[in-house]
Amino acid sequence: MEKGHNNTTAKRYGMVIDLDKCTGCGGCMVACMQENNVPFKKDETDKTKSITWLRVYKLTNGKPYPHNDICYLPRPCQHCSGVGDHGHSPCVSVCPATATDYGMDTGIVSQIYTRCFGCRYCMAACPYHVRYFNWWDPVWPKGMEKYLSPNVSVRMRGIVEKCSFCFHRYQLAVDRAFYEGRKEIEEHEYQTACAQACPSKAITFGDLNNPKHAVYELKQNPNAFRLLERLHTNTKVYYVSSRSWVRMAG
Ligand code: SF4
């Protein structure tokens, strides 16, 4: 494994999403909302005010039948590392309240809701449009509050939120390992809800720095690419497609 900034063993959690396998079913979006207590709105057609931490986009090659082709692209927060892996992601760099933070030990960009005061600077800075502002306090259909994830905070009106790579699951896995006298967690012990829910196994999650994790090999696929790579955001979500027009679109 590679060494981290404080000479500790650095983890770099990330995803490889195989776009040739994704069928656009949206199961990952539903699993993400359920796991992370994301409320749905009465009118989800208002895309500027609805919240989905993970959104599946439909891309097309723009050609007429019979040469047309489509691709579905799931897009969570890309968990940018910035140039040189120093955690200078666009959103972290601009937050005046240090409400968004880069975990040097995991590479995960997290959001501390109680520090956020809703200036939305991070939303303007994020080139991937993966941050969402809460225009309302969450409302749950009667009885559904019993099904909320107990390990994830419910967010209030006036703050920004985004995908956390299900960080609460990482904390639970680390706690469990500690009580069992282990220092490291296994790959299967920390998986995101979207990766687990994907019926076509298009999403693989793990430590990009760990040769024992599947993502280590998968990210080296010659057909792998990252979104807006030219911005040097050094993201931790890799996409794989055998189709050149899909790779060009990224
Ligand atoms: Fe921040 Fe956007 Fe990068 Fe996620 S994708 S780390 S929200 S700049």
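How many aromatic pairs does this structure hold? The count comes to ten aromatic pairs, where rings of Phe, Tyr and Trp (its six-membered ring) pair if their centres lie within 6.5 Å, and planes under 30 degrees apart count as stacked, over 60 as edge-to-face and the rest as tilted. The model is predicted, so local features need pLDDT of at least 70 and side-chain atom pairs count only at pLDDT 80 or more, while totals for chains, interfaces and linings use all residues. Residues are numbered from 1 along each chain as its sequence is written, and side-chain values use heavy atoms, with hydrogens and water left out.

One of the pairs is formed by Tyr13 and Tyr190, edge-to-face, with 4.8 Å from centre to centre and 75° between the planes. Tyr13 belongs to strand E1 (residues 13–18) and Tyr190 to the loop between helix H4 (167–179) and helix H5 (193–197), so this pair ties together parts that are 177 residues apart in sequence. Helices (H or I, at least four residues) and strands (E, at least two) are DSSP runs, numbered from the N terminus. Tyr13 is buried, at a relative accessible area of 2%, and Tyr190 is buried at 1%; buried means under 20% relative accessible area, exposed over 50%, and partly exposed in between (1.4 Å probe, protein chains only).

Tyr190 also pairs edge-to-face with Phe205, at 5.0 Å centre to centre and 85° between the planes. Phe205 lies in strand E8 (residues 203–207), so the pair joins parts that are 15 residues apart in sequence. Ring pairs link Tyr13, Phe165, Phe167, Tyr170, Tyr190 and Phe205 into a cluster.

Tyr170 of this cluster is also among the buried residues of H4, together with His168, Arg169, Ala173 and Ala177. What covers these buried residues includes E1, helix H1 (27–35) and H5. The 13 residues of H4 should span 18 Å at 1.5 Å a residue, and its end C-alpha atoms are 19 Å apart, which agrees; the expected span is 1.5 Å times one less than the number of residues. Just after H4, Gly181 takes a positive phi of about 80°.

Two rings have a charge over the face, meaning NZ of Lys or CZ of Arg within 6 Å of the ring centre and within 35 degrees of the ring normal. Arg120 lies over Phe133, at 4.3 Å from the ring centre, and Lys219 over Tyr216, at 4.2 Å.

Around the ligand there are 13 residues, of which Cys77, Cys80, Cys91, Cys126 and Arg131 come nearest; a residue is near if one of its heavy atoms lies within 4 Å.

Note on methods: Contact means heavy atoms within 4.5 Å.
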